[in-house]
Amino acid sequence: VLALKLFKPPRPLITGTPVILSVNSIPRTSVTVISAEKGREPLELGETPIREKEGVFVGDTVRLYSKPLHIDFEKTIEFGQPNEQIKIEKEFKQGNVVITAVPETPGLSLWQGETKLGALGTHVLAYEGKQRFKVKGIEFGREVDITVDVVGGQRQRLVLDLGSGKLSPAQ
């Protein structure tokens with residue numbers, strides 16, 4: 001019994017090339033480093049701006065995210081010399097999305113998370129990247145989950161086929 005209490009499992013051996021990370025984003029995001037090596041816990045760095053943090057290695061993935069703004073972005077550190085300064089700068093731009101449905105169904109609304117954005121067909125601003133939305137309606141009787149790859153600085157008009165749940169560019 002005493003031997004079990006004294007035994008500590010070995011710490012994972014870190015074999016990668018260490019780098020020094022700085023991150024800045026507009027708007028501010030939280031930053032987590034996801035290890036490329038099994039057994040190493042994610043490293044929470046806090047909110048941007050992040051300046052010269054150690055404990056990051058070539059092959060790790062840096063995740064910038066903001067739950068309230070529906071931002072989620074990942075960048076893998078592909079190259080680097082020992083203790084090289086790696087800087088990630090990211091400005092998340094907004095895009096304009098308009099989603100309509102076929103067949104036309106009155107009373108449908110567009111949601112993101114728990115937030116109602118408006119009636120289907122309303123112009124919605126969303127940050128670039130993959131954004132998840134729901135189409136809901138009391139008389140519709142169900143929800144349809146859709147994912148839109150929002151392009152910053154552009155207006156996208158999309159049509160949701162309520163029968164198949166497929167999204168396509170408007171004609």
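Buried means under 20% relative accessible area, exposed means over 50%, and partly exposed lies in between (1.4 Å probe, protein chains only). This is a predicted model, where local features need pLDDT of at least 70, side-chain atom pairs count only at pLDDT 80 or more, and totals for chains, interfaces and linings use all residues. Residues are numbered from 1 along each chain as its sequence is written, and side-chain values use heavy atoms, with hydrogens and water left out.

**View 1. Phe73 and Phe92 form an aromatic pair.** A search of the whole structure finds 1 such pair. Rings of Phe, Tyr and Trp (its six-membered ring) pair if their centres lie within 6.5 Å; planes under 30 degrees apart are stacked, over 60 edge-to-face, and the rest tilted. Here the centres are 5.8 Å apart and the planes stand at 80 degrees, so the pair is edge-to-face. Phe73 sits in strand E6 (residues 71–76), and Phe92 in the loop between strand E7 (84–91) and strand E8 (94–102), 19 residues apart. Strands (E, at least two residues) are DSSP runs, numbered from the N terminus, as are helices (H or I, at least four). Phe73 is partly exposed, at 23% relative accessible area. Phe92 is buried, at 5%.

**View 2. Two lysines lie over ring faces.** A charge sits over a ring if NZ of Lys or CZ of Arg is within 6 Å of the ring centre and within 35 degrees of the ring normal. Lys90 lies over the face of Phe92, 5.5 Å from the ring centre. Lys136 lies over the face of Trp111, at 4.0 Å.

**View 3. The largest nonpolar core has 18 residues.** Such a core is a set of buried Ala, Val, Leu, Ile, Met, Phe, Trp, Tyr and Cys residues joined through side-chain atoms within 4.5 Å. Ile99, Leu110, Val135 and Ile146 touch the most other members. E8, strand E11 (123–127), strand E12 (129–136), strand E13 (144–150) and strand E14 (155–161) each supply at least two residues. The largest share, 4 residues, comes from E13. A second, separate core of 16 residues includes Val19, Val31, Val56 and Leu64.

**View 4. Four strands form an open sheet.** The order is E10-E9-E12-E13, with antiparallel pairing. Two strands pair if DSSP finds at least two bridges between them. Strand E10 (115–119) and E13 stand at the edges, each with a single partner strand, so one side of each has no neighbour in the sheet. Strand E9 (residues 109–112) is joined to E12 by 3 bridges. Leu110 stands opposite Val135 in E12.
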